[in-house]
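User: Hi! I'm new to reading protein structures. Could you walk me through this one?
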Amino acid sequence: MSLLPPDPRRLRAILGYLDERLAENETLATYLRIQRDTVLAALAEAERPARQRPRRQGKGNGPLPGLTPPRVRTGYVVQQKRTPTGPEPALIHLADCTMVQGTPHRIRADEARAALTDPTVEPCTFCRPDTELGTDLA
């Protein structure tokens, strides 16, 4: 960079800005280094002759190590909220939704579908049970 200012005040400001950007991106750089090391280890394993590789236990290929398959969504729940100003609209969630608050009540798919036709019942905007049920209006 030949177009840097000659005075120390502005050079220090530029240096401070660059240091901030480096600090902000340190987490990303650490993650990418870990991923790179993992890929290098997998590459070394793949390039090793088959007779030198340890035998795998069990049958089939199964899921990759460290990865979990997506959870199967099982059913629906209704969440009712009471507030000092009166009840809020009930919310329908997928049973595995992480946004459920309080004590939800399990309901069947047909009950959830019917409940979503009621104007005092709303679908969760996080897990979108209306999409799963085929009742979304969007």
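User: Is Arg33 buried, partly exposed or exposed?

Analyst: Arg33 is partly exposed, because its relative accessible area is 45%. Here buried means under 20% relative accessible area, exposed means over 50%, and partly exposed lies in between, using a 1.4 Å probe and protein chains only. Before we go on: this is a predicted model, where local features need pLDDT of at least 70, side-chain atom pairs count only at pLDDT 80 or more, and totals for chains, interfaces and linings use all residues. Residues are numbered from 1 along each chain as its sequence is written, and side-chain values use heavy atoms, with hydrogens and water left out.

User: Thanks! Which residue does Arg33 form a salt bridge with?

Analyst: Its partner is Glu26, at 3.7 Å from N to O. A salt bridge is a side-chain nitrogen of Lys or Arg within 4 Å of a carboxyl oxygen of Asp or Glu. Glu26 counts as partly exposed, because its relative accessibility is 40%.

User: How many salt bridges does the structure hold?

Analyst: There are 6. One of them links Asp130 and Arg128, with the closest N and O atoms 2.8 Å apart. Asp130 is buried at 6% relative accessibility, whereas Arg128 is partly exposed at 32%. Salt bridges with shared partners also join Arg108, Asp110 and Glu111 into one network.

User: Why would such side chains pair at all?

Analyst: In general, side chains of opposite charge can pair when their charged atoms come close.

User: Switching topic: where is Gln79 found?

Analyst: Gln79 belongs to strand β1, residues 76-79. Strands (E, at least two residues) and helices (H or I, at least four) are DSSP runs, numbered from the N terminus.

User: And is Gln79 buried or exposed?

Analyst: Gln79 counts as buried, because its relative accessibility is 2%. Both faces of β1 are covered: Tyr76 and Val78 are buried on one side, and Val77 and Gln79 are buried on the other.

User: What does the side chain of Gln79 make a polar contact with?

Analyst: With the side chain of His93, at 2.7 Å. A polar contact is a pair of N or O atoms within 3.5 Å; within protein, one must be able to donate a hydrogen and the other to accept it, and residues adjacent in sequence count only if both atoms are side-chain atoms.

User: Which strands is β1 joined to?

Analyst: β1 runs antiparallel to β4 (residues 90-94), with 4 bridges between them, and antiparallel to β5 (residues 105-107), with 3 bridges. Two strands pair if DSSP finds at least two bridges between them. On the β4 side, Tyr76 has Leu94 as its bridge partner, while Gln79 stands opposite Leu91. On the β5 side, Val78 is partnered by His105.

User: What order do the strands of the sheet have?

Analyst: The order is β5-β1-β4-β6, an open sheet of 4 strands with mixed pairing. β5 and β6 (121-123) stand at the edges with a single partner strand each, so one side of each has no neighbour in the sheet.

User: Last one: how many residues does the largest nonpolar core have?

Analyst: It has 13 residues, and those with the most contacts inside it are Tyr76, Ile92, Ile107 and Ala112. β4 gives the largest share of this core, 3 residues. A nonpolar core is a set of buried Ala, Val, Leu, Ile, Met, Phe, Trp, Tyr and Cys residues joined through side-chain atoms within 4.5 Å.
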